[in-house]
Amino acid sequence: MRLTFFGIGYVGLVQAAVFAEAGYQVMCVDIDPQKIENLKAGKIPIYEPGLESLVRENVASDNLLFTTDAQEGVRFSPLQFIAVGTPPDEDGSADLRHVLTVARTIARYMEQPKTIVIKSTVPVGTADKVRAAVDEGLKERDRIDLAFDVASNPEFLKEGSAVADCMKPDRIIIGTDNPGTEQQLRELYAPFNRNHEKIIAMDIRSSELTKYAANCMLATKISFMNEMANLADRFGADIERVRVGIGADPRIGYHFIYPGVGYGGSCFPKDVRATIRTAEADGFDPVLLKAVEARNELQKGFLVNKVLSHFGGDVRGRRFALWGLAFKPKTDDMRDAPSRVVMEALWQAGATVQAYDPAAMTECRRIYGDRSDLALCDTKEATLTGADALIVVTEWKQFHAPDFQAIKLALREPVIFDGRNLYDPMIAQRHGLEVRSVGRKRLA
Ligand code: NAD
């Protein structure tokens, strides 16, 4: 079977490589010529565990092909996946420009029937817009004889475990009203549906909403826990004990109820915002989602407020060690990362930052360039030299069990601002360090 993927980012590249590994021949089309050249040469543009070898092997076996030639991509296969970005528009709604450009491109070049599968995260009603764009393109060419269908097949991979998630998806949503298209996509996903039934077929609108509902639900859990952490902070309770206490109820469970410095990344913030805007555009006031977003914005400032209050409101001329730039471990993605809010607030307040991240250093350099108030260090230990305090923003495994003694010796003030509640304040205290956590009371 042959497939075409438009948009070779986190989603397109990983899913295309996983399909290639299953034995399909996949043509990847992107408008970024540098990216395509690098991929042809085996250079992977993103950090994702297991991806590099997967891409290399499948390029070598000719199962994974790359091009910037959209016409070649359209002619290559009957199944056309759209996996381009849907970034937030100025008002927060999803910008469908790239999705609709691909739809028009397919209409321009198609000579055979096509099934167009929307993998990008898109608001309810987008499949109708894609259908209209293709219809219009075919009319312009006087080729309304060419048959096509549009399906929704949202992606649920998590950055950091994207390859594993696509190899063993916990669900495969197929949104279509056409039994033939459903069958075509069931066959495509058969290699990933062997152990037990993971395919959930539904109508297109439900499928489109399922993706937003999933991300909104996860964001809600995070904002809820962060709100509770704020209460714990004020009332002298320990949110980590509260977390363990509530998770014991199977109706609540222990998954995804960690407090922290707010959610970031390329999906939760943008998808919550897009859902809010879609609802408002339809005359509905999504009060809960607005609160989820508001709590998250406040939460990103939580750590900075702690730092400022510790230093009497003035951090001018101070130097901070910062561990973790990526929005979460095992990725180099810094889109909407809390680390950016923390660093930018410290710079604004006149402080400098010495940062380290196991994967996101290049990305950080790309975003901020050379600046005198940011030093990117080769190791986490090197960030500590001459620093007034340590701030931990991302819960990389490498940061879980640090040498407290060495931290104590290196820092000017023996304090760690722990944005992920990684450290036991009692243990750190034995090494002469104070840990300021999220929602845990200060030790006397
Ligand atoms: P990305 O920004 O990493 O990649 C998008 C790619 O599309 C880029 O390489 C860009 O050059 C390319 N592109 C843009 N216009 C194009 C065109 N006309 N033709 C061909 N290529 C084009 O985006 P991503 O993170 O892979 O996300 C893609 C979609 O998947 C988004 O809608 C996102 O919300 C969704 N999604 C992302 C994740 C995630 O974890 N990143 C998870 C699930 C769903």
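In this predicted model, the largest nonpolar core holds 63 residues, and the members that touch the most others are Phe320, Leu322, Val342, Leu390, Ile391 and Ile416. Helix 9, which covers residues 204–235, gives the most to this core, contributing eight residues. The core also draws on two domains, with at least three residues coming from each of domain 2 (212–297) and domain 3 (301–436).

Phenylalanine 320 can be followed in detail: when its neighbours within four places in sequence are left aside, it is in contact with Leu346, Ala351, Val353, Ala387, Asp388, Ala389 and Ile391. There is also a second, separate core, made of 59 residues, and among its members are Ala16, Ala103, Leu157 and Ile204.

| Domain | Residues |
|---|---|
| Domain 1 | 2–202 |
| Domain 2 | 212–297 |
| Domain 3 | 301–436 |

Between the C-alpha centres of domain 2 and domain 3 there is a separation of 24 Å, and the contact between these domains takes nine residues from domain 2 and 13 residues from domain 3. On the side of domain 2 that touches domain 3, the residues divide into three nonpolar, five polar and one charged.

The next topic is the ligand. Around the ligand there are 26 residues, of which Gly7, Gly9, Val11, Ser120 and Thr121 come nearest. Sorted by class, this shell has 11 nonpolar, 10 polar and five charged residues. Helix 1 (10–21) and helix 5 (97–109) each supply at least two residues of the shell.

Finally, consider aspartate 145, which is placed in the loop between helix 6 (126–140) and strand 6 (148–152). Is aspartate 145 buried or exposed? Aspartate 145 counts as exposed because it has 7 C-beta neighbours inside 10 Å, and a residue is called exposed when the number of other C-beta atoms within that distance is 12 or fewer. Glutamine 112 lies 33 residues away from aspartate 145 along the chain, and the C-alpha atoms of these two residues are separated by 9.8 Å.

Conventions:
Residues numbered from 1 in each chain as written. Predicted model: local features only at pLDDT ≥ 70, side-chain atom pairs only at ≥ 80, totals over all residues. Domains from an automatic or database assignment. Contact = placed C-beta atoms within 7 Å. Nonpolar A, V, L, I, M, F, W, Y, C, P; charged D, E, K, R; others polar. Near = placed C-beta within 6 Å. Helix = DSSP H or I, 4+ residues; strand = E, 2+ residues; numbered from the N terminus. Core = buried A, V, L, I, M, F, W, Y, C linked by C-beta atoms within 7 Å. Buried ≥ 20, exposed ≤ 12 C-beta atoms within 10 Å, placed from the backbone.
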